[in-house]
Number of protein chains: 2
Amino acid sequence: PDAGAIADATARQAQLTKPAGSLGRLETLAIWYAGWRGDARPQVTRPQIAVFAANHGVAARSVSAYPAEVTVQMVANFQAGGAAINRLAETYGARIDVVALDLDRPTADFTESAAMTEAEFAAAMASGWAAVDPQAGLLVAGEMGIGNTTAAAAVAAGLFGGQAADWVGRGTGVAGPALAGKIATVEAGLARHRDALGDPLEVLRRLGGRELAAMAGAILAARHRRIPVLLDGFICTAAAAVLEAARPGALDHAEAGHLSAEGGHAALLERIGKTPLLSLGLRLGEGTGAVLALGVLQGAVACHSGMATFAEAGVSGA
Amino acid sequence: PDAGAIADATARQAQLTKPAGSLGRLETLAIWYAGWRGDARPQVTRPQIAVFAANHGVAARSVSAYPAEVTVQMVANFQAGGAAINRLAETYGARIDVVALDLDRPTADFTESAAMTEAEFAAAMASGWAAVDPQAGLLVAGEMGIGNTTAAAAVAAGLFGGQAADWVGRGTGVAGPALAGKIATVEAGLARHRDALGDPLEVLRRLGGRELAAMAGAILAARHRRIPVLLDGFICTAAAAVLEAARPGALDHAEAGHLSAEGGHAALLERIGKTPLLSLGLRLGEGTGAVLALGVLQGAVACHSGMATFAEAGVSGA
């Protein structure tokens, strides 16, 4: 980030017509945004939502309440404008790009082999990198993929250790024997790839999926272009955590948008040192939690860049 | 609220293209809004922010970090568009009406007599009632008034008991001896009006202020017109709590927008049984926390009323 912009933005905050600190998190959020944009008085221009969709070999193991064909059906719904992310994008003025990643070729079942070959993994990361609009002023990486909370739980456990049960949640709504089976699937994947768990990118290739790899690639591209990122829920955060595990500080350009109701999300955010802006009980993915946080960011930056100073308004200071 | 609209909105939520419950609080929020609007598929039209400003006799007792003339200066700032609430109103598309209540006539010091005469109290409540646009689809009641966290703490203690120190917070930023003096002022007010603490409206008249009375009047008018309300921070909630204390259920048309950093707010929300939508550390007032929550409500209602159903989108159910 730009140290000069941060210093100027911090100085500006102290002059605005409000008691010092009284806008709380809006103040630190605006200064963070100013730093990454290199502009002490920025606007949130051209926010972009990139939604990545993929299919998973482990979906055949009944880890989801929904059949795998829902992934392609939901991609059509995104394209037709009927999904939650479409309505939220419209509400907060963000553009959506939907990237379907080889939906007719699910990843391999990670209990049997690596989810992706090295070529497949590189192609998925590159798709994510290429999807980022260089002119975007903010990025949200969203996802859709039946079975992907299972992949994300395996990635989280692979990166940070602990038991599979610590990271597996209800996803779209599994419970009872199906939840036990989901935990067993993650345990089998961790056992199968035990030799690779020290290497974050290898964890992502073996236990993740194309949309997780693409999100990691997109968040990396955003860093390269100094585009701030709002992280979405459990799956997005698992993908992002790969970058942080590989290189601490890699997510300094990202804030956590929303604490998901999915079981392992709070622990995952703690591992990467992020405090979520919102906690509204969503567990949908698509980028929905992060886009709600975009609404907050827009308010924070509007206050920061648009409020009058004490001097401009003729208001007495403390 | 309209039971038919609630039933229809609840049925609609179950048909939208998402796992049941996966939009969390957005779902219950949209159904609540539909019920009060009497429309199972509503839009958030014409949101209104009414900002009430007043001056307080207790401000002469050094209970604030700012001099009392800041109230009138900030009213000018609201009218010029330079305050935080102006920038947030623009961000989320709300109209602002600023109502200055006899700024050249502060209330009486409540440690010596009732803050308002019966005529003054009635006039302030009537100003609040009259400020509500009958065509508004949502109301936020905001405030500005140097010294008004002291009045709000006194009202909260008068309604719900406990020690003055339980309800007094830092306000605009008082600490040390000034904070002790603020607590002593509230204690003196409670002692002075001990005979009236069983009557919520009398508590508001004796210990409150014109902007608190106006907010209570506005929230009551919104109920009469079935306009949903988002509550702001400590002062707004103290005013609203008078209505709930006078008649349980009086705030069913209101949701809590934001948990303020002001000390007593969490306890006050608990007393009226409300869970805040946001918790972003603001402690500014003006309606700012509630308007940020308006951004969330707009997203919730956009999803509810605009998403495709499983049947419309050809998506398989669970």
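**Exercise 1.** Find how many salt bridges the rule gives across the interface of chain A and chain B.

*Solution.* Start with the rule: a salt bridge is a side-chain nitrogen of Lys or Arg within 4 Å of a carboxyl oxygen of Asp or Glu. Applied across the interface of chain A and chain B, it finds 0 salt bridges. Over all chains, the count comes to 28.

A word on the model: it is predicted, so local features need pLDDT of at least 70 and side-chain atom pairs count only at pLDDT 80 or more, while totals for chains, interfaces and linings use all residues. Residues are numbered from 1 along each chain as its sequence is written, chains are lettered from A in the order in which they are written, and side-chain values use heavy atoms, leaving out hydrogens and water.

**Exercise 2.** Work out which salt bridges R105(A) forms with D102(A) and E120(A).

*Solution.* First, take D102(A): its side chain meets R105(A) at 3.1 Å, N to O. Next, take E120(A), which meets R105(A) at 3.0 Å, N to O.

**Exercise 3.** Decide whether D195(A) is buried or exposed, and do likewise for R206(A).

*Solution.* Recall the cut-offs: buried means under 20% relative accessible area, exposed over 50%, partly exposed in between (1.4 Å probe, protein chains only). D195(A) has 63% relative accessibility, so this residue counts as exposed. R206(A) has 16%, so this residue is buried. Finally, see how they meet: D195(A) forms a salt bridge with R206(A), the closest N and O atoms being 3.3 Å apart.
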